Amino acid sequence: MREKIDLGSLVSELAKTHVELWHEEDKARKPNASDAEIAAVKRKIDKLNQERNNLIETLDEAFLTMLLQRHVLAPPDASWNSEPPGSIIDRLSILSLKVYHMQEQEDRADASEDHREKCKAKRSTLELQRNDL
């Protein structure tokens, strides 16, 4: 019996790690954060980045296993034009998180019209990058 590969769970775990990283990085940027707080946050960021890298590698292994189980091989003359799938998914996850936060800024009632317009332009660029990827 073949082992079922749950790519969805791996992708969800990677996205969750990105959200945690985002919030930890916010803590490190607080102007009133003490040196001790920043050091603790940086250690947490390092730990989360290691988890992120491990998930990217696990995604790559899962894709390879899935392709091999299905006897899918690249033609000998195939060119390599991209990063491994785990890195692509990682980048898509980051872009989606940025799009989400730009939309959040765009929707802020207390933000100036200029700020909202700048966020809208940034979101548009991020969405284009995500769609291209």
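User: What share of the contacts in the chain with a separation of 6 or more comes from residues 24 or more positions apart?

Analyst: Contact means heavy atoms within 4.5 Å. Residues 24 or more positions apart account for 72% of the contacts with a separation of 6 or more. This is a predicted model: local features need pLDDT of at least 70, side-chain atom pairs count only at pLDDT 80 or more, and totals for chains, interfaces and linings use all residues. Residues are numbered from 1 along each chain as its sequence is written, and side-chain values use heavy atoms, with hydrogens and water left out.

User: How many helices and strands does the chain have?

Analyst: Helices (H or I, at least four residues) and strands (E, at least two) are DSSP runs, numbered from the N terminus. Here there are four helices and zero strands. Along the sequence the pattern is α-α-α-α. The radius of gyration is 19 Å, well over the 14 Å from the globule rule for 133 residues, so the chain is more spread out than a compact globule. That radius is taken over C-alpha atoms, and the rule is 2.2 Å times the number of residues to the power 0.38. The C-alpha atoms fill a box of roughly 55 × 35 × 30 Å along the principal axes.

User: Which residues make up the largest nonpolar core?

Analyst: In soluble globular proteins, nonpolar side chains tend to be buried together. Buried means under 20% relative accessible area, exposed over 50%, partly exposed in between (1.4 Å probe, protein chains only). A nonpolar core is a set of buried Ala, Val, Leu, Ile, Met, Phe, Trp, Tyr and Cys residues joined through side-chain atoms within 4.5 Å. The largest one has nine residues: Leu-7, Leu-10, Leu-14, Leu-55, Ile-56, Leu-59, Ala-62, Met-66 and Ile-89. Helix 1 (7-28) and helix 2 (35-69) each give two or more. Helix 2 has the largest share, five residues. Beyond its neighbours within four places in sequence, Leu-14 is in contact with residues including Leu-55, Ile-89 and Ser-93.

User: Is Thr-17 buried or exposed?

Analyst: Thr-17 counts as buried, at 1% relative accessibility. Thr-17 lies in helix 1. Leaving aside neighbours within four places in sequence, Thr-17 is in contact with Leu-48, Arg-52 and Leu-55. Across the chain, buried residues make up 26% of the 133.

User: Where is His-71 placed?

Analyst: His-71 sits in the loop between helix 2 and helix 3 (85-106). His-71 is exposed, with a relative accessible area of 67%.

User: What is phi of His-71 near?

Analyst: Most residues other than glycine have a negative phi. Phi of His-71 is near 60°, a positive value in a residue other than glycine.
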